[in-house]
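Subject: Handover of the structure, with notes

Dear colleague,

I am passing on the structure below, together with some notes for a reader who has not worked with it before. Please look through it first and then read on.

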Protein chains: 4
Amino acid sequence: MIQFQCDYTEGAHPSILKKLEKTNFEQTAGYGNDSYCESARNKIKKACGCEEADVHFLVGGTQANFTVISSALRSYQGVIAAQTGHINVHETGAVEATGHKVLALPSGDGKITAEQVRKFYELHWSDADHEHMVQPGMVYISHPTENGTLYSRKELQALKNTCTGLGLFLFLDGARMGYGLMSEASDVSLEDIAELTDVFYIGGTKVGALFGEAVVITNPTLRKDFRYLIKQHGGMLAKGRLLGIQFDTLFEDGLYFEIAKHADDLAMKLKAAFLKKGYKLRYDSYTNQQFPIMPVEHIEKLKEKYSFAFWEAVDKEYSAVRFCTSWATKEEAVEELIRDIEAL
Amino acid sequence: MIQFQCDYTEGAHPSILKKLEKTNFEQTAGYGNDSYCESARNKIKKACGCEEADVHFLVGGTQANFTVISSALRSYQGVIAAQTGHINVHETGAVEATGHKVLALPSGDGKITAEQVRKFYELHWSDADHEHMVQPGMVYISHPTENGTLYSRKELQALKNTCTGLGLFLFLDGARMGYGLMSEASDVSLEDIAELTDVFYIGGTKVGALFGEAVVITNPTLRKDFRYLIKQHGGMLAKGRLLGIQFDTLFEDGLYFEIAKHADDLAMKLKAAFLKKGYKLRYDSYTNQQFPIMPVEHIEKLKEKYSFAFWEAVDKEYSAVRFCTSWATKEEAVEELIRDIEAL
Amino acid sequence: MIQFQCDYTEGAHPSILKKLEKTNFEQTAGYGNDSYCESARNKIKKACGCEEADVHFLVGGTQANFTVISSALRSYQGVIAAQTGHINVHETGAVEATGHKVLALPSGDGKITAEQVRKFYELHWSDADHEHMVQPGMVYISHPTENGTLYSRKELQALKNTCTGLGLFLFLDGARMGYGLMSEASDVSLEDIAELTDVFYIGGTKVGALFGEAVVITNPTLRKDFRYLIKQHGGMLAKGRLLGIQFDTLFEDGLYFEIAKHADDLAMKLKAAFLKKGYKLRYDSYTNQQFPIMPVEHIEKLKEKYSFAFWEAVDKEYSAVRFCTSWATKEEAVEELIRDIEAL
Amino acid sequence: MIQFQCDYTEGAHPSILKKLEKTNFEQTAGYGNDSYCESARNKIKKACGCEEADVHFLVGGTQANFTVISSALRSYQGVIAAQTGHINVHETGAVEATGHKVLALPSGDGKITAEQVRKFYELHWSDADHEHMVQPGMVYISHPTENGTLYSRKELQALKNTCTGLGLFLFLDGARMGYGLMSEASDVSLEDIAELTDVFYIGGTKVGALFGEAVVITNPTLRKDFRYLIKQHGGMLAKGRLLGIQFDTLFEDGLYFEIAKHADDLAMKLKAAFLKKGYKLRYDSYTNQQFPIMPVEHIEKLKEKYSFAFWEAVDKEYSAVRFCTSWATKEEAVEELIRDIEAL
């Protein structure tokens with residue numbers, strides 16, 4: 001079975017394992033206070049063009065999301081997100097478990113607009129009973145979104161302007177950041193993201209690391225005592241250097257970007273094959289997740305040899321499915337899949 | 001200014017004040033362990049036809065809602081509710097503050113159906129990633145709803161059957177219970193409600209009391225240690241007898257029902273006047289809240305003399321508004337309002 | 001049975017009931033936005049000598065405590081309190097339920113000192129692992145304490161200086177405030193308390209009201225959006241005017257102080273009788289709670305006619321008990337009790 | 001600098017790294033649903049003599065502690081622990097952040113007794129105001145304790161009998177489990193622990209793994225939906241196989257026990273050297289943490305070459321410090337330290 005199920009089916013980029021082995025018997029301080037974390041933090045800050053940011057390494061995305069969100073909000077505030085946002089759907093209510101409502105906005109493609117945010121904000125404050133309603137305090141976006149789509153620089157700028165104007169924090173979930181940055185359709189750089197958000201994270205789990213997400217806090221208001229918050233929420237790894245070593249390796253000589261591009265390139269090949277075959281696409285993605293709408297019988301046939309995710313039924317004959325490529329996807333696997341699709 | 005703004009603009013039924021005065025210097029035990037509470041609990045249990053229920057008195061509705069809901073759910077469970085439900089909209093995220101997501105279902109009239117609940121439940125459990133999603137654990141309905149509408153006995157029975165079959169608790173918010181029970185359109189009795197839910201409350205604040213809601217727990221699973229929960233959530237009144245005295249008075253000789261009928265009767269008069277005038281109704285309510293859709297100029301004119309709630313704009317010329325009657329509404333006030341409407 | 005069990009065995013001062021009755025059919029806005037609340041807020045601000053303070057009315061003390069505390073702390077911060085403090089012992093973990101640890105300091109008489117606070121703070125910050133420990137963020141004191149004892153102006157000043165110097169908020173729980181202010185042993189005025197704390201509350205439940213606590217926020221940092229917090233925590237009374245009317249009455253012509261003095265005077269008579277009888281005192285209280293250490297047989301004898309609280313066993317023959325007087329205690333009752341003690 | 005600072009200064013046992021490398025490009029399902037986790041779970045269940053237990057892998061100890069504790073308690077319940085317990089001191093209030101009070105019992109050596117638990121329980125339930133106090137619901141012990149001490153089989157049996165009799169869950173934090181099991185002073189086996197607790201975890205982070213704790217739930221009541229809880233609390237690793245591979249390796253051919261014994265043996269050599277030198281011991285530990293009380297000048301001298309933890313000042317001349325050995329400690333390092341101590 002060849003897996004296109006998700007982007008975390010393999011281990012880590014070999015150079016990470018090599019570094020882990022090489023450093024294995026070094027004795028270092030715990031909890032991220034080691035030289036590898038320090039080096040990784042510096043490389044990330046440099047890559048973000050933001051020397052004065054704070055960088056923290058957490059083990060996973062759910063942890064990063066609820067730790068960041070709950071750190072920024074007062075108890076009666078909620079976080080605005082697309083209804084399809086990961087925090088609204090796939091984190092078992094982790095944000096609510098910290099006491100905060102996710103204020104879900106409708107979205108067709110996984111994105112939300114500055115205009116939607118502004119309207120929601122104004123609706124809240126113009127209501128005579130606004131004290132009886134959850135007050136918006138932060139906006140959460142994912143980039144790429146859960147549907148593989150991307151914000152343009154202009155859209156990000158509009159969101160940032162709106163948030164700043166309204167006193168809302170803007171948080172970007174970059175679990176698949178690399179695949180967004182390296183997309184042929186992207187006009188957004190890592191520096192742009194650092195400039196146009198208050199806090200964001202660079203995903204490692206889905207882009208070459210064993211695990212790990214690098215939270216970058218650019219807004220000084222959000223920096224205070226963040227390590228207390230990580231610890232309290234169970235996110236402080238004892239052997240913190242494991243995170244430092246991984247990100248230090250990924251941000252050495254552009255490895256993170258190079259392996260992300262690999263995945264995007266293969267995804268574009270797949271996309272071309274889907275279109276050539278005449279499949280429609282559920283979302284027009286230019287990143288590592290592709291969502292063809294296939295005849296059910298084609299899906300059944302492919303499932304004999306490939307694993308991929310069912311997305312949703314379109315009608316009796318067609319369903320949308322998701323194929324993921326990743327840093328680890330083999331070119332041969334994609335070519336074999338394309339041949340099998342052509343033969344359907 | 002004559003107020004039809006809401007159903008809590010006055011104090012309490014005079015017989016309650018009289019009883020408070022008469023008993024003022026009696027010395028009683030605190031926290032609901034007094035003879036007035038005991039008597040009130042017995043009367044309510046009798047009225048519910050449910051001797052073995054537990055009855056607790058809380059000060060307000062938000063408190064009652066989040067105390068009941070959080071007592072019934074495990075941390076990863078959420079409560080299903082209409083998107084218009086009070087807990088989803090007007091409690092400043094009080095349920096989320098206890099860690100639980102409100103799982104909002106679409107609703108046109110404030111009600112949800114057994115079928116909606118079943119589908120949502122099945123969608124959850126059929127999802128391969130269901131452990132990554134909030135698990136439904138309880139269904140919350142309000143009766144009457146926030147839109148003045150009512151569940152029929154058949155609808156309630158279907159909800160109860162579905163909930164029982166699926167292992168979900170059914171909780172009924174009866175903040176305006178009296179106005180529902182006494183509606184000419186209702187085929188649901190208090191005994192029915194006690195039989196067809198796991199827990200519910202009988203609203204006092206909006207039906208003749210200074211304040212207070214009587215939570216009735218019929219499902220034995222939910223009874224354990226409920227007084228700890230009340231105390232922890234700040235809902236245990238030191239002079240608990242104030243709640244006992246009020247409900248003891250309201251449930252003496254059917255006072256609660258009588259004063260609720262008064263409000264419903266006046267609301268029906270208003271409704272007839274709206275229809276006679278040719279107004280459409282936003283919701284077809286047979287209880288104390290009425291939602292006419294009026295020309296904006298009529299609204300402006302009436303606002304000079306009456307206070308009532310803006311509900312929502314329909315178009316440039318028309319808006320829906322809400323008029324509430326209550327146990328305290330004077331017949332003359334309604335008649336005056338009707339005359340003024342006719343004269344528009 | 002004559003009750004000295006606690007200070008909330010009766011209803012309310014008759015002038016409150018009279019005012020409730022007189023205003024019963026007035027129509028007012030809900031949630032504290034009425035003229036009675038406005039008037040009461042102004043009287044309280046004047047009494048506190050603090051025009052720019054915010055005053056909010058909550059129903060009960062537990063509610064007031066956890067709402068204030070959780071509003072002031074970030075999630076990883078805790079509140080310093082005497083181990084005997086109400087929040088640490090008698091609120092079913094309400095503060096912890098909002099996510100915050102109570103950092104309990106040893107106390108013999110219910111009080112804590114500026115020196116204790118400073119040492120605890122320094123211990124925290126000097127620990128290499130301080131990020132792994134709950135960070136102190138606020139100091140909670142009760143005045144009078146749960147043991148009837150009082151802070152002197154000098155002690156309060158020292159606490160305030162220390163807190164301000166260390167960046168900690170100082171919160172004073174005044175559930176029995178009146179009995180403290182009017183004590184013959186007190187050199188602390190209401191203005192002093194307003195000056196020497198960041199936030200405090202004036203207890204109504206135990207001092208003449210049916211229920212209600214007036215939270216006074218003097219520190220501007222703590223004022224923002226406090227009404228959202230009240231609502232979210234279930235503390236916003238729909239008919240808010242009930243609280244306004246009560247405090248407006250209590251702060252009219254010094255009624256609050258007058259009825260508190262009544263209780264203190266009777267308590268001092270009782271204290272004198274205990275001492276005359278040769279009883280030792282568990283705490284040297286000059287307020288309405290008295291803690292004599294009595295022979296067990298005397299206790300048993302008195303229990304036939306009086307109700308009072310068991311406090312703790314001292315040894316096999318002696319136990320400490322608590323007698324409370326209140327605004328409602330009758331002079332004859334105290335005299336009868338004194339005669340019965342003398343006759344033992 | 002040679003580190004005896006803690007037991008997580010190195011990476012992982014080489015055989016773990018080897019296995020990670022060997023399996024790196026295998027494609028597996030996420031979130032613990034892979035064959036390595038399955039194999040590891042089976043080995044652990046076998047080692048525990050408890051086939052019907054549930055085994056879950058979490059990344060760290062704080063996460064394991066608050067996830068287990070909050071899963072077992074209702075909101076008004078607290079967890080009994082030694083005041084020195086990790087959850088009470090060194091987890092930044094993570095348990096309180098889930099809403100639960102830690103009910104701290106005094107302890108001289110890190111242990112608590114069945115008798116203490118029983119008395120605390122009885123004190124709670126005999127109090128007339130018990131509904132106003134946090135109800136004990138679980139007992140937390142660590143084995144070895146934070147002070148290196150161990151429960152005997154008899155003590156564990158007494159705790160279990162008491163807990164079962166009183167309806168309390170017994171939870172054992174085994175962050176350093178291996179060092180306890182292999183101690184020359186221990187009469188407790190892994191099977192004993194599985195039999196005498198309701199839930200416990202086997203620490204990997206401090207005993208040979210890069211990270212990871214294996215939670216073993218033997219009480220069926222606590223098993224339901226535990227994976228939802230892990231996910232909600234941010235503890236579900238996407239590439240769950242990383243945990244499976246590590247524990248599968250550690251429980252292959254007794255590796256876990258072998259490497260733990262190595263650390264204990266070296267710790268015993270150190271202990272002998274301390275005693276020979278005439279140092280007193282702060283705690284009489286037979287596990288990998290040793291707590292000599294040294295002259296301050298000796299400490300200063302050793303700090304030039306070794307890193308170890310300051311524990312507490314005893315008086316002006318003496319302080320207690322902590323030396324940790326681990327699975328990774330080199331025999332030569334211990335011998336060098338011993339020589340340097342002898343030379344002081």
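This is a predicted model: local features need pLDDT of at least 70, side-chain atom pairs count only at pLDDT 80 or more; totals for chains, interfaces and linings use all residues.

Residues are numbered from 1 along each chain as its sequence is written, while chains are lettered from A and ligands numbered from 1 in the order in which they are written.

Chain contacts

Between chain A and chain D, 40 residues of chain A are in contact with 40 residues of chain D, where contact means that the C-beta atoms of two residues, placed from the backbone, lie within 7 Å. On the side of chain A that touches chain D, at least two residues each come from α1 (14-22), α3 (61-72), α5 (94-97) and α10 (226-232) of chain A; here helices (H or I, at least four residues) and strands (E, at least two) are DSSP runs, numbered from the N terminus. The most is given by α1(A), with four residues. That side of chain A divides into 18 nonpolar, 18 polar and four charged residues, with Ala, Val, Leu, Ile, Met, Phe, Trp, Tyr, Cys and Pro counted as nonpolar, Asp, Glu, Lys and Arg as charged, and the others, Gly among them, as polar.

Chain B and chain C also touch, with 40 residues of chain B in contact with 40 residues of chain C. Two or more residues of the side of chain B that touches chain C come from each of α1 (14-22), α3 (61-72), α5 (94-97) and α10 (226-232) of chain B, and α1(B) gives the most, with four residues. By class, this side of chain B has 18 nonpolar, 18 polar and four charged residues.

Domains of chain A

The domain assignment, which is automatic or taken from a database, gives chain A a domain 1 (2-7 + 256-342) and a domain 2 (15-253). The C-alpha centres of these two domains of chain A lie 27 Å apart, and 19 residues of domain 1 are in contact with 20 residues of domain 2. On the domain 1 side, α12 (255-277) and β10 (289-290) of chain A each supply at least two residues, and the largest share, eight residues, comes from α12(A). The classes on that side are 10 nonpolar, six polar and three charged residues.

The nonpolar core

The largest nonpolar core has 428 residues, of which V216(A), V216(B), V216(C) and V216(D) touch the most other members. Such a core is a set of buried Ala, Val, Leu, Ile, Met, Phe, Trp, Tyr and Cys residues joined through C-beta atoms within 7 Å; a residue is buried if 20 or more other C-beta atoms lie within 10 Å of its own, exposed if 12 or fewer, and partly exposed in between, with C-beta atoms placed from the backbone. Leaving aside neighbours within four places in sequence, the contacts of V216(B) include I44(B), C48(B), V55(B), F200(B) and I202(B).

Helix α14 (residues 331-342) of chain D has 12 residues and reaches 17 Å from its first C-alpha to its last, close to the 16 Å expected at 1.5 Å a residue, the expected span being 1.5 Å times one less than the number of residues. In α14(D), V334(D), L337(D) and I341(D) are buried, and they cover an arc of only 60 degrees around the axis, which puts them on the same side of α14(D); the arc is that of the directions from the helix axis to the C-beta atoms. On the other side of α14(D), E331(D), E332(D), R339(D) and E342(D) are exposed. The cover over the buried residues of α14(D) includes α12 (255-277) and β12 (306-307) of chain D.

In α7(A), the buried residues are L156(A), L159(A) and C163(A), whose arc of only 65 degrees around the axis puts them on the same side of α7(A). The face turned away from that buried side carries the exposed residues K154(A) and G165(A). Just after α7(A), G167(A) takes a positive phi of about 80 degrees.

Two loop residues

S107(D) lies in the loop between β4 (102-105) and α6 (114-126) of chain D, and counts as partly exposed, with 19 C-beta neighbours inside 10 Å. P106(B) lies in the loop between β4 (102-105) and α6 (114-126) of chain B, and is exposed, with 9 other C-beta atoms within 10 Å.

With best regards
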